[in-house]
Amino acid sequence: AGCAADIRYGLGWAQRLPAAFPVYPRAALKEAAGVANSRCNVRVVNFQTRAGMQPVLDYYYTMARRNGYDAEHLLRGSEHYLGGTKGDLAYVIMARQLPGGVVDVDLIASGGR
């Protein structure tokens, strides 16, 4: 509650993602935002890649599990959701297929640098 008002935009927030959830290798970062104060510590990024949906989902599932997070995958219509927690930390990844073989990804994670 109250975090949204403090969100600041800037591509530098992508550098401050939790180590478990970096921007996908060789993806094109489109937008980044975040907040880090006494109440909130959240990072939000949007990127696109031509790697394909399954490699993206596999990558983040593996990164989550290796770093002690749980992981659940849901498919709602044509949008994939992958999310989970580790203690008080959480993440969610929303991915959709765009025309031309591009996968568009929104990644939201608490914690980070």
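Trainee: Leaving aside neighbours within four places in sequence, which residues is Phe21 in contact with?
Mentor: This is a predicted model, so every value here is computed from predicted atoms. Neighbours within four places in sequence are left aside. The contacts of Phe21 are then Tyr60, Ala64, Tyr69, Tyr91, Leu107 and Ala109.

Trainee: Which element gives the most to the largest nonpolar core?
Mentor: The core has 23 residues, and Phe21, Tyr60, Tyr91 and Leu107 touch the most other members. At least two residues each come from β3, α1, β6 (89-98) and β7 (102-110). With 5 residues, the element that gives the most is α1.

Trainee: How are the rings of Phe47 and Tyr60 arranged: stacked, edge-to-face or tilted?
Mentor: Two numbers are needed, as a pair of aromatic rings is described by the distance of the centres and the angle of the planes. For Phe47 and Tyr60 the centres are 6.4 Å apart and the planes stand at 40°. Stacked needs under 30 degrees and edge-to-face over 60, so the pair is tilted.

Trainee: Which parts of the chain does the pair of Phe47 and Tyr60 tie together?
Mentor: Both Phe47 and Tyr60 are buried. The two residues are 13 apart in sequence. Phe47 lies in strand β3 (residues 41-49) and Tyr60 in a helix, so the parts tied together are β3 and α1.

Trainee: How many aromatic pairs does the structure hold, and what is the geometry of Tyr24 and Tyr59?
Mentor: The structure holds 7 aromatic pairs. In the pair of Tyr24 and Tyr59 the centres are 5.1 Å apart, with 80° between the planes. That angle is over 60 degrees, so the geometry is edge-to-face.

Trainee: Is Tyr24 buried or exposed?
Mentor: Tyr24 belongs to a cluster linked by ring pairs, together with Phe47, Tyr59 and Tyr60. The relative accessible area of Tyr24 is 12%. The limit for buried is under 20%, so Tyr24 is buried.

Trainee: What is the handedness of the link between Cys3 and Cys40?
Mentor: Cys40 counts as buried, at 3% relative accessibility. The angle about the S-S bond is -90°. The link of Cys3 and Cys40 is left-handed.

Trainee: How far apart in space are Pro99 and Tyr60, C-alpha to C-alpha?
Mentor: Pro99 is found in the loop between β6 and β7. Its relative accessible area is 75%, so Pro99 is exposed. Pro99 and Tyr60 are 39 residues apart in sequence. In space, C-alpha to C-alpha, they are apart by 22 Å.

Methods: Residues numbered from 1 in each chain as written. Predicted model: local features only at pLDDT ≥ 70, side-chain atom pairs only at ≥ 80, totals over all residues. Heavy atoms only, no water. Phe/Tyr/Trp six-rings, centres within 6.5 Å; stacked < 30°, edge-to-face > 60°. Buried < 20%, exposed > 50% of the residue type's maximum accessible area, 1.4 Å probe, protein only. Helix = DSSP H or I, 4+ residues; strand = E, 2+ residues; numbered from the N terminus. Core = buried A, V, L, I, M, F, W, Y, C linked by side-chain atoms within 4.5 Å. Contact = heavy atoms within 4.5 Å. Disulfide = S-S within 2.5 Å.
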